[in-house]
Amino acid sequence: MKTKKLEKQTLTWLVFSANVIVGAMARQMVLHHGLDAFNGYVAFMICTLMLTAIYINLQELFKKTLSPFFETLFIKFPNYGKKGKVEIEDKETTEEESWTKETDTNPPLSMDYAQIRLSAMKAKEQAEQEKLTTVLTYTRESFAPYMKEEDLNILCEYICLFHADKDIPKVVRTVKVDSAIRTIDLMHFGWNIGYQFSKSGIQIATFIKRVFAEALKESEISTLKSKLRLDGKCTIKIDTTLKQSA
């Protein structure tokens, strides 16, 4: 409604401006033929009013005669005006259907946060369990020739606690080991498993001091911490991959 009103006002101003221009040209022609300024202004007013009257009469004529004629013409061809509209609607419908199909077939760019978090936690738990399994296998292979089965089982239990807890587990019973296993071997063993669990040097030293209390009774935790990777003749070597060699 507002658009039609604006268009009508614009057209009226354009026609009025054209009438004023033609009136000004008529005034100049009068002045050019030697008449005075008064006659020029009279010519300007008469020309402008006449053109405005002609425009208004033409509008009325169009409304009364030509407008009904065009309405009758469009009634005879009712589908003429609808055809373009139908084509536009069909095009819009096709585009919407195409967009809907693409949305259905393509997965969302981002998954649900809870689902991502659950998947990440499961993957982390699986990785930690694999680490623990590797360490326990390495422990049994390393100490089976130098330790009783009962002591070896207790050692594996302590390792599980060491892996699960941030704090050093309390040791109820110390683990006894054959005399062939020296202090350097126990330090290397502690570093090897602590490296897999991302434990600090003080945690590793405290762990082996508590677990192998009898074998390490002459060693202080601070000394063990500083010599975990000590070079020298040994049975258990430093091994970051935990692959036992014969």
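Guide: A salt bridge is counted here when a side-chain nitrogen of Lys or Arg lies within 4 Å of a carboxyl oxygen of Asp or Glu. The model is predicted, so local features need a pLDDT of at least 70 and side-chain atom pairs count only at pLDDT 80 or more, while totals for chains, interfaces and linings use all residues. Residues are numbered from 1 along each chain as its sequence is written, and side-chain values use heavy atoms, with hydrogens and water left out.

With that settled, a search of the whole structure finds three salt bridges, and E150, D151 and R173 are linked in a network of them. In general, side chains of opposite charge can pair when their charged atoms come close. E150 pairs with R173, their closest N and O atoms being 2.7 Å apart. This pair links distant parts of the chain, since E150 is in helix α5 (residues 149–164) and R173 is in the loop between α5 and α6 (183–196), 23 residues apart. Helices here are DSSP runs of H or I with at least four residues, numbered from the N terminus. D151 also forms a salt bridge with R173, with the closest N and O atoms 3.4 Å apart. Because D151 lies in helix α5 and R173 in the loop between α5 and α6, this pair ties together parts that are 22 residues apart in sequence.

Relative accessible area is read as buried under 20%, exposed over 50% and partly exposed in between, with a 1.4 Å probe and protein chains only. On that scale D151 is buried, at 4%, whereas R173 is partly exposed, at 36%.

The remaining pair is E128 with K131, whose closest N and O atoms are 3.7 Å apart. Both residues lie in helix α4 (residues 113–143), three residues apart, which is about one turn of the helix. E128 is partly exposed at 26%, and K131 is partly exposed at 31%.

Contact means heavy atoms within 4.5 Å. Apart from its neighbours within four places in sequence, F212 is in contact with F143, M147, L155, V175, L186 and F189.

S198 is found in the loop between α6 and α7, where it is exposed at 62%, and it has a positive phi of about 60 degrees although it is not a glycine. Most residues other than glycine have a negative phi. S219, in the loop between α7 (201–211) and α8 (221–226), is buried at 14%. Beyond its neighbours within four places in sequence, S219 is in contact with T183, K209 and L224.

Methods. Helix = DSSP H or I, 4+ residues; strand = E, 2+ residues; numbered from the N terminus.
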